[in-house]
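Please read it beside the sequence and the coordinates.

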Amino acid sequence: MSFDDWEQYEDADELMDALHQRTEELYAVEDRPLDVDGTFEAPVMPLRGVMVYPQMVSPLFIARAQTFWAVEEAQRQNQTLIALVQTDPQVEEPGPEDFFPVGVEVAVGRLITMPDEAASALVQGRRRVEVVEFTQVQPYLRARVRPIYEEVVLDRQVQATMRSVLDLFDRCVQLNRSIPEEAYLFALNIDEPGWLADMIATALSLSMPLRLKVLAEVDPLKRLEMVSGILAQELDVLELESEIQNRTRNEVDRSQREFYLREQMRVIQGELGESDPTLADVAELRERIEKTPMPAHARERALKELNRLNHMPPLSPEVGIIRTYLDWLLELPWEKATEDNLDLEHAARVLDENHYGLPKAKDRILEYIAVRKLKPEKSRQPILCFVGPPGTGKTSLGRSIAKALGREFVRLSLGGVRDEAEIRGHRRTYIGALPGRILQTMRRAGVVNPLFMLDEIDKLSISYRGDPAAALLEVLDPEQNNAFSDHYLEVDYDLSQVMFITTANTDATIPDALLDRLEVIDFPGYIDEEKLEIATRFLIPRQLAESGLEPGEIEFTEAALREIIRSYTYEAGVRNLEREIGRVCRKLARKKAQGEDYPRKVDAEDVHLYLGPPQFLDQRREMQDEVGVATALAWTYNGGEIMPVEVVLLDAKGGTRLTGKIGEVMRESFEAASTYMLSRAEQLDLDVEECQNKGVHLHIPSGAIPKDGPSAGITLATALISAFTGRPVHCEVGMTGEITLRGRVLPVGGVREKVLAAYRAGLEKVILPAANEKDLVDVPEKVRQQLDIRLVKHMDEVLEIALHPAPPKPKRRKRKKAESKEAQEEEKEKKADREERQTETGEEQADA
């Protein structure tokens, strides 16, 4: 029984009865009989961090198997154990040298299994023992010990010491709340000095070295004097703590007195008609709550918090928290909205004035305006997601849409956000808590129906603080965002009138659940012609104005712009193009400011003068037909490219080598192409065994750039078959498509970018899978007219278009084949004659 259980008993007699009942089973355990030499042998119970004194009862937790087996052995014999304290508690499997030499003979009650598979038991100390020797180590420790007998003489000195110790213990109990008063009553009933010392040592929170020092002292009087010294030190510490607590209590009393006086002063000021700043703030807030249009549940919450504020003392830390909360409630737009401009012609004109191209996005916005015009009350706000490379006008188109609709435009960048509280806010229990960035942006907008752009939604991160993408599910779901819950406000906020537009560079990193709520609109990269038009309409006038030049003062020729696009930029958008045009304008502005002559017209030759050497080499096609070299069309993050594939055969059997930082999927495509070639060896006039004995080295230039994907399958097969058959590949042909083992050509992605890359590189023919015919709608009409686009379904069609015709077979080989065929027929006839003659001979013998 621990001292914490003593508080339920009223007097010492009742406490002793309860202790007797709980330890009845412990008293039934027999002491170990002594041998002739005054010793006995018993199992050892290792203790670490705990101590059991004689005559004391305490619960112990048993977690080690070694201790568990020792307890079971002792309970089987209904006898006691030896409790020894480890000198190092960190040792899991102690040996004979790891124990304090003095221990206690203990009786252990029944074991109770805990949920964590450990066990608990009630332990009663019997007598002190000293270790003579250890007799067993496995499976548990056994030791031979000698009991330590205490000689007690109750003379005047012992009685005086006991009274002094009881007086000190009484004062400690009064000052130490962790020791119940019943512990002192228990101590009054102890008439042995050694037992009293052990009982007080158990009640006090002593360090393990002090506990062991008390255990090692076998003289009862000296042990009692030792405990008296410990009590004196403990009493000094407790008195100091009491003094500190009294001082703190006086400070609190003074604060309460000040609060009472301030309340009296407030009442007196009210009677005199003088203004109180706190009352003035409360009155102002109440007036704002009454005038601010807000839903009933929000107004009710605001009034509730205002009443709390009114009843709080001005110096309370809660005052600032509540005041900030009320300011947020009152400054959020609850009902204020702007009127949408539903004029379709106006919207189309605004979109065309600010952006060139992007027909899909513009059509979707005009469709939304048309639906709003026909059904203004029932239409739902679209949740659009603009996906495309950087610099293609996603964010600026959002501004134009807001201008066309007459709405407020607000933008929130989500790049790098990895805390759910950034979206939903922090709870008010945290110091400095604020609403999430959604409501912060809504307060900045000032209306309930802005155009809300969530930039870089594909760059959200996940951390131990939560998943912000999961928090956005409620924001971007039209079925739920009419009651958006922020952790700070704890009041439902209506986001259903907000038009959300998100932007991303790729939808591959957007979670599926979030992507399902978005209407994705692709922003493909611009072709050279589109970049020329954008530069002429928007970029050049803007850079002239920013450089301090007059509109139309500098003219960029088409050749100059093409040179900048192809030699100084490498992107799908126009951001770097505008940067390079700005560099040219600034150099001309500097000449103008210095009074020097400067050209009014920038040509292709002038570009190198202002921008230096070209930064990017314009990719051009191969200029002659070669064996083992085919041109693939590839999609990249910045648009499309042509990609030459080179195959070289080696005479030695060196296996297959693939170089050029080729990915796993492209390696598998090469294996599929090799298998297809071997399966068609007869039609291709190839010797399978000879092909298998040849080493193959495939390389794709630009070795530092990773390359992967299945769309180069037919190109790999074409280059491989060209190398083995010796048939050159037409250099003006580019191709893309996935290949199967049977030679089927499967569809691929990025057709628009790949066809435009072939057009820029000067290719004349493009081979595409027949299933990609639908994607040619996105290719400009001018490009389709200048390219010979061939749609194929099988690899045989690809070889017929891409490879030179096979040379005619030599007639000598035909003659040899014909002669060998005639020889085989003659051999068959001879064999048939022999079988016929053998049959006739057999029949004649049978007749004879």
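A residue counts as buried under 20% relative accessible area, as exposed over 50%, and as partly exposed in between, with a 1.4 Å probe and protein chains only. The model is predicted, so that local features need pLDDT of at least 70 and side-chain atom pairs count only at pLDDT 80 or more, while totals for chains, interfaces and linings use all residues.

With a salt bridge taken as a side-chain nitrogen of Lys or Arg within 4 Å of a carboxyl oxygen of Asp or Glu, the count comes to 43.

| Pair | N to O distance |
|---|---|
| Arg146 and Glu130 | 4.0 Å |
| Glu318 and Arg308 | 3.7 Å |
| Glu519 and Arg364 | 2.5 Å |

Helices (H or I, at least four residues) and strands (E, at least two) are DSSP runs, numbered from the N terminus. The salt bridge of Arg146 with Glu130 links distant parts of the chain, since Arg146 belongs to strand 7 (residues 142-147) and Glu130 to strand 6 (residues 119-136), 16 residues apart. Arg146 is partly exposed at 33% relative accessible area, and Glu130 is likewise partly exposed, at 34%.

In the salt bridge between Glu318 and Arg308, the former residue lies in helix 11 (residues 318-331) and the latter in helix 10 (residues 296-310), so that parts 10 residues apart in sequence are tied together. Glu318 is partly exposed at 33%, as is Arg308 at 35%. Both residues also belong to a network of salt bridges that links Arg301, Glu305, Arg308, Glu318, Arg428 and Glu490.

The salt bridge between Glu519 and Arg364 joins strand 14 to helix 13 (residues 359-374), and it therefore ties together parts that are 155 residues apart in sequence. Here Glu519 is partly exposed at 31%, whereas Arg364 is buried at 19%.

**The sheet**

Strand 14, which holds Glu519, is also part of an open sheet of 5 strands in the order 9-10-13-8-14, with parallel pairing; two strands pair if DSSP finds at least two bridges between them. Strand 9 (409-413) and strand 14 (519-522) are the edge strands, each pairing on one side only. The twist from one strand to the next averages 25 degrees, where axes are lines fitted to C-alpha atoms, for helices over the stretch in contact, and angles run from 0 to 180 degrees between N-to-C directions.

Within this sheet, strand 10 (residues 451-455) pairs with strand 13 (residues 499-504) in the parallel sense over 4 bridges, and Phe452 stands opposite Phe500 in strand 13. Helix 16 (residues 437-445) packs on the sheet and touches strand 9 and strand 10, its direction making about 155 degrees with that of strand 9; contact here means heavy atoms within 4.5 Å.

How values were computed. Residues numbered from 1 in each chain as written. Heavy atoms only, no water.
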